[in-house]
Amino acid sequence: MIPVLTRAQMRAFDKYAIETCHVPGVVLMENAGRGAADVLSAMIEARRRPDTKSREADAISARARSFPVRHVQSPGQPATYPLEARVVVVCGTGNNGGDGFVVARHLYARGAEVEVYLAGKSEKVMGDARINHDAYIDLGGRFFELPEGAGLGPLHTALSRADFVIDALFGTGLDRPITGHLADVIAVLNDAAARCVALDIPSGLDADSGSPLGIAVRADDTVTFGHLKIGMLTPEGARLSGNVHVVDLGVPDPPILAHVGVVAEVIRRETVGSYFAPREASVHKHKAGDVLVVAGSPGKLGASLLTARAAMRAGAGLVTIGTWPEAATSLESRVVEVMTTRIDPNRIGPSLDAALAGRRTVAIGPGFGLGAEARAAVDHVVLGWDGFKVVDADAITHFAGRPESLAQAKGRLVLTPHPGELGRLLGRSATAIEQDRFGAVREAVARTNATVVLKGARTIIATPEGRLFICMAGNPALATAGSGDVLTGLIAAFACSMSADEAACAGVLVHALAGDLWRARTGCDRGLFAGEIPDLVPQILAALARGADPLAT
C-alpha cells in the first residue's frame, strides 16, 4: 500500500511521533529538510552532467502533463560537492519556513550559493522553526527580511539570477485564502524563471481539496514529507505540484499509521498484477466470462463497439452487444467476434431478460440514448438484474435527480462517470465536482451504495466499504472520444474473475498504462484513437502478471 493522508492525519502523524514515540519535533524537521536538500542536490548535480541535462529539461517541460511521483526512501547525498547553483529560499514564519531553513543550511554547507528571504519579521519565527532560523543565520548564511509593507524588488532581483527557488512559505496546515503581502510574494515566485521546488506542498494549495486558496505556487517539483497528501492528487493539485518526491521522516510508518489511519491508497502495479493468475488449461469461453454490452443507438454505434472490443481484449470469453433493432442491423455488418441481440421496444423487459440469461457481467450506457425507452431499459437492467453491472455514460444520466434509487438496485454496481456526469447525478456543475473531487465521490458512494470511479487526471475509485484508491498513471493522450467506453469494457471483463473493487482498480490502471505505453512509443501526448487502446491491453496484462514494467515491453 502507498498511503495518502489528509491534513488532519498528517498533523496527527507528527503529533503521535512527537508525543507518544518521543521523537523531537526538531528531529522530524531536520529529517524532512535534509531529505529535501538531498533531492535538491541530485537536481543540481543533474544540471551539470551533460548526459542528463537534456533529460532533466524534458522532465521539466513535461511536468504539467505527466505528474510523476517518486518515493525517495533514503536518498543519502547523491551529488558531487561543492554544488554549483544559486538557490533562493523563500520562507514563511511557521514550520514550513523552518523546513526551508534546514534546506538552506544543508545546501549552504554543500557549497551552493544560498540566500534566504523571510516573508515576515524574524521575531515571529518560533519553536523548532526558530532553532533552524538561528542555526542558519549564526553559521553565516545570507538572510533578508521581507515583512509586510516592504518592497519586493530585492526578491525580484535575487530570483532573476537564481537557478532554483525554494517555496517554504506555507505547509499543509494552511486552510484560509492567501491575500495581501503573502499573495504578492507568491506572484513573484510564479513569475520567476528559476526552477521552483515546493516543500511539503505548494504554498496556497489546499491539502485536502486540491484547490488553490486564492493563489498558489506553481511548482516544477514538490518534495513532500513522510507521505503523499490527498490534495496533491487532484488534477489541479497535480498540476501545481509538478514532479513529486516523497522523502522519509526517519520514523517507521506502521505503528503510527495504525493509530492515525489513511484516507486513500495509491493503486500499485504489483497489487493489480497479482489479480491476473494464469488460466487453467481447461478454461472455455463461458468460464472465461460472458459479458453483455447494453449500448449503442443510431448515430452512436461506435460506443458499443469500443466497449465490446475492450471487453474481448481484456479476456472476456464471449461478448454480446444488446441494442435497438436498427442499431443491431447496422452493427451486424461490422462485427466478427462479437455477437448482437435486439432489445424490442415493445417488449423491453422480456427481451432484456432473454439477453441477460447466463451473463456474468453487464456494461450499460455508452451511446445508448436518453429517451423514454432507453430509460425503461436502463431501469430494468440496473435496478432489477442481480448481477454485476458497470454503469456508464447515458445510463448514469438517466439517474440524474434520483441517485438514491441506485442504492436499492439488485447486484453490485460500479459507476464510471466523468465530472459532468457525476455533476448531473448529484445536481451540481462539473466545475463544482472538480473543486472537491474527493468530497463529491464520497457523496456519490453514500447516496448510491455503489463503487464509483470518477474519471480524469488522477482517477479516483471509492467503495461502499469506505476505501479510496487513486490512479497515478495516465496522461492527456487518453483525453479522446471513446476512451471512457473502453474503460467500461475493461472493468466489465475483469469483473468476470475479480471482485467489484479489484475490477475497478485493475480496469483504471490498465487503461491508464495503455495511454502511457502509447505515449512512450510515439513520444506524443495527443492523437491516440480510443480504438487503439484495447490492442495494447494484452501485453500490459502480461507484464503486470509477471511483475515487469509494462512501459518497458
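This is a predicted model: local features need pLDDT of at least 70, side-chain atom pairs count only at pLDDT 80 or more; totals for chains, interfaces and linings use all residues.
## A residue in a loop

Asp-344 sits in the loop between strand 14 (339-342) and helix 14 (348-356). Helices (H or I, at least four residues) and strands (E, at least two) are DSSP runs, numbered from the N terminus. With a relative accessible area of 26%, Asp-344 is partly exposed; the cut-offs are under 20% for buried, over 50% for exposed and in between for partly exposed (1.4 Å probe, protein chains only). Asp-344 and Thr-323 are 21 residues apart in sequence, and their C-alpha atoms are 8.8 Å apart in space.

Residues are numbered from 1 along each chain as its sequence is written, and side-chain values use heavy atoms, with hydrogens and water left out.

The protein chain averages a pLDDT (the predictor's confidence in each residue, from 0 to 100) of 93, and 95% of the residues score at least 70. Over residues 52-65, though, pLDDT stays under 50, and the model has 18 contacts beyond four places in sequence for them. A contact means heavy atoms within 4.5 Å.

## Two helix pairs

Now for some packing. Helix 2 (residues 25-48) and helix 4 (residues 95-109) have axes 8 Å apart and pack at an angle of about 50 degrees. That makes helix 2 oblique to helix 4; angles under 35 degrees count as roughly parallel, over 145 as roughly antiparallel, 65 to 115 as roughly perpendicular and the rest as oblique. Axes are lines fitted to C-alpha atoms, for helices over the stretch in contact, and angles run from 0 to 180 degrees between N-to-C directions. Among the residues making the contact are Met-29 and Leu-40 of helix 2, plus Val-102 and His-106 of helix 4.

In another pair, the axes of helix 12 (residues 301-313) and helix 20 (residues 483-494) come within 7 Å and cross at roughly 40 degrees. Residues that meet here include Leu-306 and Ala-310 in helix 12 and Val-486 and Leu-490 in helix 20.

## Cysteines without partners

How many disulfides are there? The count comes to zero, using the rule that a disulfide is a pair of cysteine sulfur atoms within 2.5 Å. For Cys-496, the nearest cysteine sulfur is that of Cys-505, 17 Å away. Cys-496 is buried, with a relative accessible area of 9%.

Cys-505 is in no disulfide either, and its nearest cysteine sulfur, that of Cys-471, is 8.9 Å away. Cys-505 is buried too, at a relative accessible area of 4%.
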